[in-house]
Amino acid sequence: MTTTTALRVGPIDPAVLAQLRARDDAGRPPVLSVDEDGGAPLRCCLTRARPGERIALLSYAPLRRWAGETGADPGPYDEVGPVFVHAEACPGAGPAWPAGFHGSERVLRAYDRRGHILGGTVVTPGTAEAAARELLADPEVALVHVRAVEFGCFLHEVRRG
């Protein structure tokens, strides 16, 4: 019998976004701009910016935020990196896999309950969801981060759910 691990995809939480739009996780104000051509991957709603949309580039510490919820201590695995979000509040995203957000290779990193990296995998377009499901089928894995291959930027998290 095969069991399927239910997934819950996590964009950056709206309450956290409100904080980050004032002062990011590196202690700086966000860099505001207009995405003239469109296409910036927005971590608030897991879509791509439309041409002419106002966006913000800011620093985000996804493991630190997760650790604050869970009491974990990621230690040296805590990292801060750049993400794009809408400059103002948006409708956000639901817990389903974001269609059309992953058009290139991705890196999936699996973390344990402490927030330490257990492993990871590089996936091709169309295979990230199944790979996340497979990683989360391991009871030692508490959280998966989906990241861009090119720059290593955090795109979104995936949890059981």
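**Exercise 1.** Work out which parts of the chain the salt bridge between R147 and E79 ties together in this predicted model.

*Solution.* Start with the contact itself: R147 and E79 pair through their side chains, with N to O at 3.4 Å. Next, place each partner. R147 sits in strand 9 (residues 143–148), while E79 belongs to the loop between helix 2 and strand 6, so the bridge joins parts 68 residues apart in sequence.

**Exercise 2.** Decide whether R147 and E79 are buried, partly exposed or exposed.

*Solution.* Take R147 to begin with: its relative accessibility is 5%. Buried means under 20%, so R147 counts as buried. Now turn to E79, which has 30% relative accessibility and is therefore partly exposed.

**Exercise 3.** Locate the partners of the salt bridge between D78 and R64, and say how accessible they are.

*Solution.* Begin with the distance: the closest N and O atoms of D78 and R64 are 3.0 Å apart. Last, check accessibility. D78 has a relative accessible area of 26%, so it is partly exposed; R64, at 38%, is partly exposed as well.

**Exercise 4.** Which residues are linked in a network of salt bridges with E157?

*Solution.* Look at one pair to start: E157 bridges to R159, and their closest N and O atoms lie 2.7 Å apart. Both E157 and R159 are buried. Now widen the view: the network links E157 with R159 and E69. For the overall tally, the structure holds 10 salt bridges.

Key: Residues numbered from 1 in each chain as written. Predicted model: local features only at pLDDT ≥ 70, side-chain atom pairs only at ≥ 80, totals over all residues. Heavy atoms only, no water. Salt bridge = Lys/Arg side-chain N within 4 Å of Asp/Glu carboxyl O. Helix = DSSP H or I, 4+ residues; strand = E, 2+ residues; numbered from the N terminus. Buried < 20%, exposed > 50% of the residue type's maximum accessible area, 1.4 Å probe, protein only.
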